[in-house]
Amino acid sequence: MDRPLGLLAELTYACPLHCPYCSNPINLGDYRDELTTRDWQRVLAEAAELGVLQLHLSGGEPLQRRDLVEIVRGASRLGLYTNLITSGLGLSPRRAGLLRAAGLDHVQISIQADEPALADRIAGTPSFERKRSAARLVKQLGWPLTVNVVLHRHNIDRVGRILDVAADLGADRVELANTQYYGWALRNRGGLLPSRAQLERAEATVRAARARLDGRMEIIYVVPDYYSRYPKPCMGGWGRRQLTVVPNGDVLPCPTAHALPLPRASVREHPLAWIWERSPLFQRFRGTGWMPDPCRSCDRREIDFGGCRCQAFQLTGDPARTDPVCHLSPDHGIVAAATRAAEAGTGPAGTPLTFRPHPGRPGRAGGAGT
């Protein structure tokens, strides 16, 4: 059995942003009973023993945890490479200095657009200038900086200017990730899914930027599932290389598997090794034996592993179906209908967006603007 290389630790779902493409669960109130500092220290020790090498600290906003420095210090002592995935809000010079001293290895900051008005509308709160300040602080302290941008109908036409902002901040790496439609993003798909023409323009812009910035900044561009001929391999295969621990202690093969109607697995009840090796949740879609046709007889079954189980469930109601993104799926018409609707859209302001609330608070509706 493969051993996991990476652990995504979602420390809290509390977050100062309200992004309408957030993949956190819709039912945020179910995750208020968060693991304690001692719980996380035990989980990280078990992860290191299991073979995990990389720890990605995320949320929500991990800086909302008062014990973040202590968690980072413990991970560093275990020899884990630590990556902070953050909005940057709350990364004061004092907090950054403490995290640096605790052994944090890398910082990844999200930005929503290339200029304040649009970025702040998408984030649902004034944040653009604070993000830029945080990014500059990261570089001043000598950390490698990744800038992460979730692309969608409202910002994809500005990808060239977004890359200019990242270069100006001294980013070592930029991840341009088209929206994955889970959680709040699925609820907002009608207002977020770009057209094929937008994607083609963005891809040309990214190619030109890669040539222009070669050697200065690595640019990763993740194409959207809905416009792909074949699905992406789900986390490199279900329960093969990655695992996620969410704020209440549930362990998942991928960050969005909380929605699947499968037996839960929790670090409050079992050691991490048992969950990885023996739990029904992690066993359910490992390998290829579970696959229906057309996956079972497809020569790509060891390449994309049938696609995303969460996407299959959200679009068809059955997590064992072939991912509808695949053009061979009997359910591909669901995805084709969504892309046709995007092609027919009259503009980014055509569909109001529902913004992610704070945990336990009602959402609010409104347009993200252009």
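Modeller: Asp250 and Arg264 form a salt bridge (a side-chain nitrogen of Lys or Arg within 4 Å of a carboxyl oxygen of Asp or Glu), and their closest N and O atoms are 2.4 Å apart. Asp250 lies in the loop between strands S8 and S9 (251-252), while Arg264 lies in the loop between S9 and helix H10 (272-278), so the pair ties together parts that are 14 residues apart in sequence. Here helices (H or I, at least four residues) and strands (E, at least two) are DSSP runs, numbered from the N terminus.

The model is predicted, so local features need pLDDT of at least 70 and side-chain atom pairs count only at pLDDT 80 or more, whereas totals for chains, interfaces and linings use all residues. Residues are numbered from 1 along each chain as its sequence is written, and side-chain values use heavy atoms, with hydrogens and water left out.

Asp250 is buried at 13% relative accessible area, whereas Arg264, at 47%, is partly exposed. Buried means under 20%, exposed over 50%, and partly exposed in between (1.4 Å probe, protein chains only).

A second pair joins Asp67 to Arg65, with 2.8 Å between the closest N and O atoms; both residues are buried.

Arg240 also forms a salt bridge with Asp2, at 3.4 Å between the closest N and O atoms. Arg240 belongs to the loop between strands S7 (218-222) and S8 (242-245), and Asp2 to the segment before strand S1 (6-10), so this pair ties together parts 238 residues apart in sequence. Arg240 is partly exposed at 31% relative accessibility, as is Asp2 at 30%. Asp2, Arg240 and Arg241 are linked in a network of salt bridges. By the rule above, the structure has 20 salt bridges.
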